[in-house]
Amino acid sequence: MPVDMDKLVSLCKRRGFIFQSSEIYGGINGFWDYGPLGVELKKNIKDAWWHDMVRNPPAGPDGQEISMVGLDCAIIMNPKVWVASGHVGGFSDPMVDCLKCKRRFRADKVFLGAFFRLSEAESQAFSPSNHPFDVLITKGEVHRPSAPSPYPDNFLASRAPEFALSCEANGALEAQEHFAELAKALVKKRKLKGDYYGLESKSVNSALPNWQRSCPAEGCDGTLTEARSFNLMFKTYVGALQSEENVAYLRPETAQGIFANFKNVLDSSRVKLPFGIAQIGKAFRNEINPRNYTFRSREFEQMEIEFFCHPDESMKWYQYWRDVRKAWYTQLGIQSERLRPREQGKEELAHYSIGTTDIEYMFPFSDEPQELEGVAHRGAYDLTQHQTHSGKDMSYFDEELWAKADKTQFAGDRKAEQQAKWNAPYKFIPHVIEPSAGADRFTLAVLCEAYTEDTAPDENGKPQERVVMKFHPRLAPIKAAVFPLVNKDGMPEKAQALYRELKQEFAVFFDDKGAIGRRYRRQDEAGTPYCITIDGQTLQDETVTLRDRDSLKQERVKLAGVAEELRKRLRPR
Ligand code: GAP
């Protein structure tokens, strides 16, 4: 059963995971605050990433140790960085406005169709009743497929992220009369409210030049404008004057800080290719349509690695990072059937990318998996761009290879030797593989994955419905709660002493209020994996009960051994 998002959102507010930003003033769209439990959860996610990817990355494809260093760059950089990266010129979404209700939509989300042209061979292969599309329009005729579709899912994935109908080479114009009707049917079918699926407006505009675009808002029959581009970067001014030459941007990704510091890191840390530079930090995008809770926010945190390698080895590292990053999510409790690595189609690729695999998660608010992380092969694009725009050398010199080179071939010709030394294969611009994850997106996935409703016996053994957040113990905001069974007979003192000891090392919680069953329930909702109770037997034999949140099993462990037991259970595996 998919998680009910309304229930999850309400629990997140009630228990202090996530609040709407500036809620007392009516909030602000696309911005969120993390409450006391949420901040711990997100910090644990970032700490796990830093530990597992930066301090202790898994062995490389040939079993070799991986070299990885960290960085923490400023959010505001010289605006030339964003010219070089292509963000000033191209980081935009195509938008359309409704001329009547004045609402604005992302054009690629409004047009409910993915039109593409089938090759001659493909159009021969699809019969009107046997094709992989929601709808196939060919020569103006609408054909729905026989259900279920006999074609593999990845047929669709390899072409466009979502689609509704397709047209044969000459069918595009004939399709227009059917389009509005089909679009409405699809909205209904997919139970969409404000989010629509489709393809780039540019292709729609050119495929259907005369098509009257109607507003997708409920109850509005207005017409949409042609698509126009809006840059997603937040602008600000540095210094006293708000003039054009003082314009700066809040970074839309952390990656560029890494590229701009490539030489600094090379010169200061003696890393050798292949190696990675990692950074966790805030990024800002003026998303036109922030939606699905924190999924698409305007301020969010990224966890990015730029992994620099020799061009000849780049495909090997691309494969490696795709596997490593997918495995990381499963290790932290995301069920593998809800995770999908999806190779982007050529038409989806960002301008810099040779290939990108999105690691997607089946969020409950969508009927298609959505991107958690992108693993991109960026080739030499970024370093080359920064070299061109800054005039600084961004290449890597392979000292070891040069040391091994047979210098006798130059027969004492110093000029020829120098020329060879400063060119390939000794000196070159490395390729980059970039696993780029969203800390907030993963936090949301962890919350969705953890939310569980089940039954557990109360203190009288009667089954009671409970809400339990089944976080992986490494990610749980509170690791253990300590309870005295009753507030007498020296139990509170012993519980307090244990709490004070554990608190030096773990996020722990002390609770002596209310019936023990209620205290368990409160911790279940917070996702605390272990509850430790000091009871009558503790006073006799110095043991406590340790209750497991998921199995509800209670074991007796030595009071003096509780810290070690927690250490063992929380250790990264
Ligand atoms: N440096 C490459 C880059 O920024 P991206 O696919 O635009 O690539 C990487 O972003 C990750 O950042 C995404 O997979 C997602 O987890 C996160 N992200 C991007 N935009 C976001 C948004 N508006 N809200 C929350 N997370 C976002």
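Colleague: Ile75: buried, partly exposed or exposed?
Modeller: Buried means under 20% relative accessible area, exposed over 50%, and partly exposed in between (1.4 Å probe, protein chains only). Ile75 has 29% relative accessibility. Ile75 therefore counts as partly exposed.

Colleague: What pLDDT do local features need in this model?
Modeller: Residues are numbered from 1 along each chain as its sequence is written, and side-chain values use heavy atoms, with hydrogens and water left out. This is a predicted model: totals for chains, interfaces and linings use all residues, side-chain atom pairs count only at pLDDT 80 or more, and local features need pLDDT of at least 70.

Colleague: How many helices and strands does the protein have?
Modeller: Both are DSSP runs, numbered from the N terminus: helices are H or I with at least four residues, strands are E with at least two. The count is 20 helices and 26 strands.

Colleague: How far in space is Ile75 from Arg251, C-alpha to C-alpha?
Modeller: Ile75 sits in the loop between strand 3 (67-71) and helix 3 (80-85). Leaving out residues up to four places away in sequence, Ile75 touches Tyr249, Leu250, Arg251, Lys282 and Phe284; contact means heavy atoms within 4.5 Å. Ile75 and Arg251 are 176 residues apart in sequence, yet their C-alpha atoms are separated by 5.5 Å.

Colleague: What share of contacts between residues at least 6 apart in sequence joins residues at least 24 apart?
Modeller: The protein has 573 residues, and 51% of them count as buried. For those contacts, the share is 68%.

Colleague: How are helix 2 and helix 12 oriented to each other?
Modeller: The axes of helix 2 (residues 36-55) and helix 12 (residues 314-331) come within 12 Å and cross at roughly 140 degrees. Axes are lines fitted to C-alpha atoms, for helices over the stretch in contact, and angles run from 0 to 180 degrees between N-to-C directions. Under 35 degrees is roughly parallel, over 145 roughly antiparallel, 65 to 115 roughly perpendicular, the rest oblique. The two helices are therefore oblique.

Colleague: Which residues of helix 12 make the contact with helix 2?
Modeller: Helix 2 brings Ile45, Ala48, Trp49, Asp52 and Met53. Helix 12 brings Trp321, Val324, Arg325 and Trp328.

Colleague: How far apart are the axes of helix 2 and helix 16?
Modeller: Helix 16 covers residues 439-450. The packing angle with helix 2 is about 115 degrees. The axes are 10 Å apart.

Colleague: Which residues of helix 2 make the contact with helix 16?
Modeller: Helix 16 contributes Ala439, Asp440, Phe442, Thr443, Val446 and Leu447. Helix 2 contributes Leu41, Lys42, Ile45 and Lys46.

Colleague: Which residue does a cis peptide bond join to Leu273?
Modeller: Omega of this bond is about -5 degrees.

Colleague: What is omega for the bond from Ala424 to Pro425?
Modeller: Pro425 lies in the loop between helix 15 (414-421) and strand 18 (427-428). The bond is cis, with omega near 5 degrees.

Colleague: Tyr293 has a positive phi: what value?
Modeller: Tyr293 is in the loop between strand 12 and strand 13 (299-309). At 11% relative accessibility, Tyr293 counts as buried. Phi is near 60 degrees.

Colleague: What relative accessible area does Ala411 have?
Modeller: Ala411 lies in the loop between helix 14 (399-404) and helix 15. Ala411 is not a glycine, yet phi is positive at about 45 degrees. Ala411 is exposed, with a relative accessible area of 70%.
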